[in-house]
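Subject: Structure handover

Hello,

Please find the structure below.

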Amino acid sequence: MTDSDRAAPFRHQTDIESLAPGQFLFRQGELGDRMFVVQRGWLSVLRDGRMVARVGPGSLLGEMAMLDGGERVAGVLAETPTRVVPIDRQQFRYLLQQRPYFADTVIATLVDRLRALLDRGFGARP
């Protein structure tokens with residue numbers, strides 16, 4: 001499943017937030033009460049001050065904090081003018097329960113991120 005496939009249901013959302021280049025969407029360590037779907041623009045995902053990924057239109061961000069209620073494991077910084085669709089906890093739960101494609105989308109995103117970590121050698125036993 002591609003990022004554009006994942007974002008298809010959110011293409012026509014009108015509840016959006018805009019970010020200027022250099023503006024954080026969220027910071028590592030913050031508690032997360034929303035996740036986001038990138039509608040337009042490019043963002044850097046930063047962990048401990050290092051860029052670990054670059055994401056663009058269709059990407060989901062912040063889903064892990066929505067699932068476990070924990071802190072953000074990374075920060076996200078806009079590289080270009082960016083528009084994101086926010087999804088709060090109530091919407092997130094509704095989408096998981098009522099829209100099977102959304103649950104598939106969240107799972108696919110998590111699997112992609114896990115595979116990327118494993119490809120970089122994280123999680124390997126000594």
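Strand pairing

Four bridges connect strand E4 (residues 43-47) with strand E7 (residues 75-78), and the two run antiparallel. Leu-46 has Gly-75 of E7 as its bridge partner. Helices (H or I, at least four residues) and strands (E, at least two) are DSSP runs, numbered from the N terminus. Two strands count as paired if DSSP finds at least two bridges between them.

This is a predicted model: local features need pLDDT of at least 70, side-chain atom pairs count only at pLDDT 80 or more, and totals for chains, interfaces and linings use all residues. Residues are numbered from 1 along each chain as its sequence is written, and side-chain values use heavy atoms, with hydrogens and water left out.

E4 and E7 belong to an open sheet of four strands, in the order E2-E7-E4-E5, with antiparallel pairing. Its edge strands, E2 (24-26) and E5 (50-55), each pair on one side only.

Strand E3 (residues 34-40) pairs with strand E8 (residues 82-88) over six bridges in the antiparallel sense; there, Val-38 has Val-84 of E8 as its bridge partner. E3 is also joined to strand E6 (residues 60-61) by two bridges, again antiparallel, and Val-37 stands opposite Leu-60 in E6.

Helix H4

The end C-alpha atoms of helix H4 (residues 100-119) are 28 Å apart, which agrees with the 28 Å that its 20 residues should span at 1.5 Å a residue. That expected span is 1.5 Å times one less than the number of residues. Gly-121 follows H4, and its phi is positive, near 95°.

Regards
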